[in-house]
Amino acid sequence: MSGVVRNIYNTLYNRPTVRLEGYTALHGLPGELLAYLNYGGATGSAKDALAEGMLALAMERGQLRAGQPVIEASSGTFAVALTIAAIHSGHPVHLVMPGTVTPDRQRMFTGLGATVVLTNYVYGRAGTLRRAQQLAEEVDGYFVNYFSNDDNPEYHRRVTGPAILKAVDGKLDAIVAGVGSGGTLTGVGEYLKAWAGTVWTVAVQPFESQSLTGGFSGRHGINGIGSGFVPDNYNPYIVDEVVSVATGDAVAAAREVLATDAVPAAVSCGAVLCAARELQKRRTGRVLCIFNGMAVVE
């Protein structure tokens with residue numbers, strides 16, 4: 001992309017794909033290891049482009065009208081990205097979250113322009129979702145619900161999958177991605193399975209929270225993946241393998257790739273890298289990691 005672009009979101013739809021030569025050499029891997037750097041916006045995560053893209057898809061269908069309020073049940077990175085994207089495009093934002101969210105974080109959202117609506121934490125995630133749906137009806141708003149909304153994987157079918165396939169010139173043996181909302185792996189996996197033949201698809205979850213494989217869901221330190229439940233957007237039928245990575249190993253891998261290849265990878269990317277490294281030892285070939293978050297180094 002060259003010249004002047006219309007807005008920052010135009011720069012997020014086709015991110016660079018880099019060859020991790022240093023990391024490959026460090027671990028003596030036999031194949032080629034690539035990383036699609038799916039970040040670059042305000043939050044330093046893939047959610048910036050996703051939030052704007054999901055709003056655009058809803059507008060395209062006529063489900064979201066100009067100036068209509070946008071509702072979401074979230075206090076995480078997606079809530080930040082959605083607030084910025086919605087305010088930028090002229091939509092008021094209402095974020096529903098449990099009352100246990102810290103006052104500082106609540107003030108951060110109101111400072112960005114969102115209205116914060118708190119729920120009683122004893123009702124859990126289900127209670128937060130119910131309140132968001134009620135609020136959407138009360139204010140005639142659009143409830144994004146990105147963990148269950150097919151616009152999430154649809155964005156990746158339309159944007160991320162084609163961008164990756166173009167970058168690798170159609171030649172790819174495997175992809176590895178972490179599972180948070182499930183949209184990235186599902187959308188990219190479905191696209192590549194349809195257009196690139198037998199691409200081995202690997203889902204990554206924290207070792208401490210193995211909900212994708214029916215295991216125990218506990219606390220972990222890998223932000224962005226391992227939500228503690230199987231999201232509706234996760235399509236297990238296109239997943240060939242699920243790999244569990246411990247938080248400590250993910251942290252170490254993220255530090256290593258910064259040193260070997262100057263890639264500022266978040267811990268979730270380190271988890272993906274660990275899984276890809278083990279895959280390379282068993283299935284030599286051209287493996288692509290989807291990096292959905294950037295580490296800030298100061």
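Biologist: Which residue in strand 10 is the bridge partner of leucine 34?
Modeller: The model is predicted: local features need pLDDT of at least 70, side-chain atom pairs count only at pLDDT 80 or more, and totals for chains, interfaces and linings use all residues. Residues are numbered from 1 along each chain as its sequence is written, and side-chain values use heavy atoms, leaving out hydrogens and water. Strand 2 (residues 32–37) runs parallel to strand 10, joined by six bridges; strands are DSSP E runs of at least two residues, and helices are H or I runs of at least four, numbered from the N terminus. In strand 10, the partner of leucine 34 is leucine 288.

Biologist: Which residue of strand 10 is the bridge partner of valine 176?
Modeller: Strand 7 (residues 174–178) also pairs with strand 10 (at least two DSSP bridges), in the parallel sense over three bridges. Valine 176 has as its partner in strand 10 cysteine 289.

Biologist: Which residues of strand 10 point the other way from Arg286, Leu288 and Ile290?
Modeller: In a regular strand, side chains alternate between the two faces of the sheet. Six of the six residues in strand 10 (residues 286–291) are buried, meaning under 20% relative accessible area with a 1.4 Å probe, protein chains only. Opposite Arg286, Leu288 and Ile290 point Val287, Cys289 and Phe291.

Biologist: Which hand does the crossing of helix 6 and helix 7 have?
Modeller: The axes of helix 6 (residues 151–167) and helix 7 (residues 183–195) come within 7 Å and cross at roughly 55°. The crossing is right-handed.

Key
Axes are lines fitted to C-alpha atoms, for helices over the stretch in contact, and angles run from 0 to 180 degrees between N-to-C directions. A crossing is left-handed if the near helix is turned anticlockwise from the far one by less than a right angle, and right-handed if clockwise. Buried means under 20% relative accessible area, exposed over 50%, partly exposed in between (1.4 Å probe, protein chains only).
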